[in-house]
Amino acid sequence: MDSTFLGQVIVSGFLTGGLYALVAVGLTMIFGVLKIINFAHGEFLMLGMYLSFFLTTYLHLDPYISLLVIIPVFFLFGAFVQYGLINRILSSTSDIHILFTLGLSMFLQNAMLFIFGPYMRSIQTSYLKKVYTLGSLNINSTRLIAFIFALVITAILYLFLKESNIGRAIRACADERKGARVVGIDIERMYLIAFGIGTACAGAAGGLLMPFCYADPHVGTTFILVAFVVVVLGGIGNFMGALIGGFIIGFAEAFGSVVLPDSLKQVVTFGILVLILFFRPTGLFGKGRA
Amino acid sequence: MGKRSRKTNRSFVLVSILVGVCLLLSASTPILAQNQPKEIKIGILYCMTGPLASIARLCVNGHEMAAEEINAKGGIKSLGGAKIKFVVGDTESKPQVAMSAAEKLITKDNVVALLGPYSSGIAFPSTQISEKYKCPNILSGPVANQITERGFKYIFRTVYNATTNARVALDFVKWVGDKTGQRPKRVAILHEDTLFGQSTAKSWKEMLPKYGLELVAELPYQKTTQDLSTTIMKLKAAKPDLVLQVSYTNDAILVTRTMYDLDFNCMGRIPSGGGHIDPAFAKAVGKLADDLIVNHHYHPSFKGPKNKNQIANEKYKKKYGIDMDDYSGPAYDATWVLADALERAGSMDRQKVRDAIAATDINWNNSPVLRPFQYKFDATGQAPATGVFTQFRDGKMQVIWPEEYASAKVVWPMRTWKERGLR
Amino acid sequence: MMKSVVRSRSSLVLVALGIVCLFLPAILGEYLIHVMILIFFYAYLGQCWNILGGYAGQLSIGHAAYYGIGAYTSTLLFTHLGLTPWLGMIAGGVAAMMLGLFTGYLCFRFGLKGPYFALATLGFAEILRLICLNMTSIGGAQGILIPLLGQDFLKFQFMERKFFYYIVFGMLILSIAVVTRIEKSRMGYYFRALHQNEDAAEALGIDITRYKLIAVGLSSFLTALGGTFYAQYTMYIEPEIMFGSFTSVDILLRTIIGGAGTVYGPVIGSFILTPVSEIMRNVVGGGKSGINIMVFGIIVMLICIFMQKGILPWLKARVSNYFGSENEDSASEYVIKEGTS
């Protein structure tokens with residue numbers, strides 16, 4: 001394997017890792033605050049792809065401009081899902097949480113299948129023709145832009161959580177729910193916001209993927225499984241963990257697909273999941289027992 | 001006597017007239033029934049939904065146009081002018097659904113024969129159902145060898161199989177090498193991982209040594225993959241002269257785009273039909289496809305007797321807005337083969353129809369079929385089908401081989417992305 | 001007094017229903033027999049899952065792993081060695097059981113519970129699916145088509161549906177018998193204990209890991225038998241259907257909806273969901289797929305909100321309210337269960 005090959009693999013790892021990080025950050029936030037494993041997260045990503053497809057194809061919006069629409073829409077959508085649906089089972093056992101979000105995932109996936117059919121949709125943009133060369137390395141502009149935006153969104157989110165009042169309130173909820181209530185934080189409102197943000201992350205990731213991926217109703221399943229691995233790897237509820245975990249998995253997949261045939265690269269991902277679950281279920285950065 | 005007898009007389013006459021009319025009617029009913037054109041139900045089994053739906057639509061177009069012509073000419077005369085009526089089954093691009101759809105068409109809709117499916121992976125299981133229920137099944141799309149190698153008696157194929165496909169492709173490579181002096185030595189095979197890809201790749205692998213070619217890489221990939229960058233990088237690292245490829249539509253688009261992204265160049269890339277003929281492919285990649293050489297089952301530029309290909313193509317274009325292609329052409333032919341068999345069978349009994357198909361012996365001189373070979377099935381149900389090669393120029397396909405049908409000269413070796421002005 | 005009358009009456013009803021089922025193939029057409037086969041089949045699979053997920057309370061969302069191993073083992077033994085699928089079925093069951101015990105042991109030893117255990121089971125099923133997808137020697141993405149050999153009992157192939165009907169009905173009866181036995185036995189008692197409160201059960205001296213492993217072993221063995229049945233019924237297997245995550249969900253769906261941890265929950269769940277699915281598919285049909293699963297999703301969500309234990313326990317609670325004080329202990333048993341979860 002020569003240096004160009006190696007370089008290209010590293011680039012691939014970075015680009016994919018950034019997107020995984022964005023999806024995982026949303027998922028981990030939902031878990032951290034609401035203590036729910038959201039199996040429908042992948043479907044939110046899929047919905048983001050479809051929305052981007054429609055905005056681009058029928059309203060002729062630039063796919064990246066359409067993010068300005070997608071993010072707020074998905075924030076509201078997430079808040080609505082939380083308020084109308086998730087709220088009702090919040091006090092049940094974790095088994096019910098899993099089953100409920102699985103049901104939601106089945107519903108969303110198949111509603112899209114029923115309404116829009118199983119056809120793969122893709123968009124044709126001028127960005128696709130732009131390839132940046134860095135020495136002997138080639139990077140398609142759509143992937144590069146997706147990577148940059150993913151990092152930007154994650155950075156903004158990080159600052160929000162760290163510096164703003166709401167952000168601190170959210171973190172308080174995640175760390176110590178009872179204490180947060182005692183000091184007067186409106187827990188229910190934090191739930192709405194956290195779920196909204198998590199959903200918006202998934203939707204944004206979908207919008208960023210659209211220029212170079214296909215949208216079809218089942219695309220969410222692939223991403224949700226990887227997102228879970230990243231979240232568990234980084235520590236459920238841990239923001240930095242999700243970010244770093246995203247890159248770790250991105251690289252693992254990139255290097256995995258060199259050694260193994262293309263379709264086996266996910267075995268590496270699941271192998272990591274299984275290992276982490278056995279040896280360190282709280283994740284690399286997590287704290288507390290499983 | 002007077003009034004009563006007159007009334008009785010009148011009713012007697014009325015009743016006799018009534019009885020007479022009834023007798024006449026019942027006597028003539030069988031004659032009337034015989035003159036009623038019946039319909040012959042033929043099953044059309046394709047992936048109407050799913051990733052191959054656009055291809056399925058084109059196949060069905062071909063069947064439809066042929067059926068309309070057959071019915072317009074008076075239907076199947078030996079069956080009293082019965083018209084062909086299609087019953088459509090959707091395989092949803094899933095083998096299990098294909099099997100149950102085939103079963104429904106055969107046992108519930110009682111079709112006389114089946115046409116389709118298109119893809120090898122789907123046809124392989126569904127034809128087992130056809131065989132189980134002894135329903136004749138003509139295929140005009142799938143190439144996997146195994147489909148006609150199971151000793152089945154009811155399955156017939158009107159396109160070439162994977163072995164012939166491989167041989168024709170390598171014959172072409174030899175021809176173009178001899179013609180231009182640029183002979184490839186190192187070959188890589190890039191293929192999707194279902195039966196279509198596996199079968200074609202296997203045939204190529206077996207034949208490469210006979211043509212003095214060396215296999216330097218075999219790269220299978222998942223049909224539904226979203227990212228082929230590492231696969232193409234591995235391809236690049238293997239430095240092949242010639243890339244033989246098997247892909248469906250979406251992965252074909254992805255491969256071309258990724259090769260563009262990663263600046264992969266070689267002497268020639270020859271995909272084996274499949275998704276590359278789908279108009280959706282050309283639409284999605286545009287000029288990125290230039291210099292790509294594709295082999296086909298059919299192309300409308302054949303110069304058939306009395307310009308029949310051009311005439312048929314004009315008709316098709318008027319109806320559907322696009323040229324005939326690999327999907328509609330063979331489908332059209334298969335429908336005519338079936339009609340010819342039905343005509344000779346003179347019956348809707350599946351066994352008789354099957355035997356009639358097995359005895360088929362027509363060509364484009366003595367029947368409306370559009371492809372240039374003898375439609376005569378061997379013992380395994382395979383017809384000696386041929387193909388044609390085209391090359392993309394400015395986003396459009398031009399025939400380059402066999403030379404007697406060529407509309408353009410081949411460009412070999414393939415120009416690099418830079419040479420084509422795309423990078 | 002009332003309880004035993006109710007109980008013997010309901011067993012009478014069940015036996016009567018069972019006898020009716022025996023005669024159905026004589027009067028129903030091929031398509032309806034097919035629907036009944038599906039009902040029994042999914043009830044059977046759900047019942048197998050019930051042992052681990054319902055009674056022992058370990059939510060497995062990767063049960064397709066055992067299902068797939070059962071199917072692939074018997075099919076490969078048949079296509080390569082000509083071994084009759086009847087024996088292949090047992091071999092598949094044993095193979096699945098070994099996998100179940102192995103992965104189960106790893107999970108339980110490391111104390112994986114709840115969502116972590118669920119994710120681990122999913123991970124295992126996915127790994128198996130990917131491996132199968134890539135091994136062209138066992139079919140790869142194309143899968144394996146079982147060669148048609150006509151009517152042959154030894155080869156588990158039949159030209160008429162009714163044979164499959166009786167076989168799967170028998171399997172269902174077997175699974176119901178197993179679960180009934182579990183429910184009434186001490187083992188069942190331990191399962192329920194560790195389901196409700198693992199720490200308390202452990203404190204009482206119950207060997208948690210041992211009983212969890214028994215549950216996994218039993219569940220995986222029986223699920224694998226279902227895999228072989230499916231392979232022989234449809235004559236075609238491939239990694240996506242056999243190991244896919246949707247199949248895992250399909251296996252547990254009827255049980256959750258009907259009532260996990262009850263004997264007839266999976267049966268009721270299947271009797272409700274399967275016809276609903278078929279009706280929707282036929283009424284809507286014509287290329288508009290997905291509506292049946294969409295409705296399943298809605299039903300699951302509704303059950304989670306309103307009838308968390310499933311339909312059967314909800315019905316039982318309503319019925320016992322109706323019958324008043326006679327059945328008070330079963331009602332309060334239900335209430336206690338709610339409290340501790």
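In the predicted model, the contact between chains B and C takes 18 residues from chain B and 15 residues from chain C. Three helices of chain B each supply at least two residues to the side that touches chain C: α3 (95-108), α4 (120-132) and α6 (195-207). Of the elements of chain B, α4(B) gives the most to this side, with six residues. By residue class, the side of chain B that touches chain C divides into six nonpolar, seven polar and five charged.

A further contact takes 38 residues from chain A and 37 residues from chain C. On the side of chain A that touches chain C, the elements giving two or more residues are α3, α4 (94-116), α9 (219-234) and α11 (265-279) of chain A. Here α4(A) gives the most, with 15 residues. The residues on this side of chain A comprise 27 nonpolar, nine polar and two charged.

Chain B was then examined as a whole. Its secondary structure comes to 12 helices and 12 strands. The C-alpha atoms of chain B fill a box of roughly 115 × 45 × 35 Å along the principal axes. Chain B has 423 residues, of which 56% count as buried. Contacts in chain B between residues at least 6 apart in sequence were also sorted by separation; 69% of them join residues at least 24 apart.

Chain B contains an open sheet of four strands, in the order β7-β6-β8-β9, with parallel pairing. The edges are held by β7 (214-221) and β9 (268-271) of chain B. Each edge strand has a single partner, so one side of each is left without a neighbour in the sheet. From one strand to the next, the twist averages 15°. Strand β6 (residues 186-192) of chain B pairs with β7(B) in the parallel sense over seven bridges. A188(B) has A217(B), in β7(B), as its bridge partner.

Helix α7 (residues 229-238) of chain B is largely enclosed by the rest of the structure, because eight of its 10 residues are buried. The buried residues of α7(B) are S229(B), T230(B), T231(B), I232(B), M233(B), K234(B), L235(B) and K236(B). After α7(B) comes K239(B), which has a positive phi near 50°.

Helix packing was next considered within chain A. The axes of helix α3 (residues 67-89) and helix α8 (residues 187-209) of chain A come within 7 Å and cross at roughly 135°. That angle makes α3(A) oblique to α8(A). The crossing of α3(A) and α8(A) is right-handed. The residues of this contact divide into 17 nonpolar, seven polar and no charged.

A helix pair in chain C was treated likewise. Helix α2 (residues 30-55) and helix α12 (residues 265-284) of chain C pack at an angle of about 140°, with their axes 8 Å apart. The angle makes α2(C) oblique to α12(C). The crossing of α2(C) and α12(C) is right-handed. On the α2(C) side, the contact is made by V35(C), L38(C), I39(C), Y42(C), A43(C), G46(C), Q47(C), N50(C) and G54(C). On the α12(C) side, it is made by G265(C), P266(C), V267(C), G269(C), S270(C), F271(C), T274(C), P275(C) and E278(C). The residues of the contact of α2(C) with α12(C) divide into nine nonpolar, eight polar and one charged.

One residue of chain C was followed individually. I303(C) is found in helix α13 (residues 291-306) of chain C. I303(C) is buried, because 23 other C-beta atoms lie within 10 Å, and the threshold for a buried residue is 20 or more. Not counting residues up to four places away in sequence, I303(C) touches I256(C), I257(C) and G310(C). I303(C) and Y66(C) are 237 residues apart along the chain, and their C-alpha atoms are separated by 27 Å.

How values were computed: Residues numbered from 1 in each chain as written. Chains lettered and ligands numbered in written order. Predicted model: local features only at pLDDT ≥ 70, side-chain atom pairs only at ≥ 80, totals over all residues. Axes fitted to C-alpha atoms, helices over the stretch in contact; angles between N-to-C directions. Parallel < 35°, antiparallel > 145°, perpendicular 65-115°, else oblique. Left-handed = near helix turned anticlockwise from the far one by under 90°. Nonpolar A, V, L, I, M, F, W, Y, C, P; charged D, E, K, R; others polar. Contact = placed C-beta atoms within 7 Å. Pairing = 2+ DSSP bridges. Buried ≥ 20, exposed ≤ 12 C-beta atoms within 10 Å, placed from the backbone.
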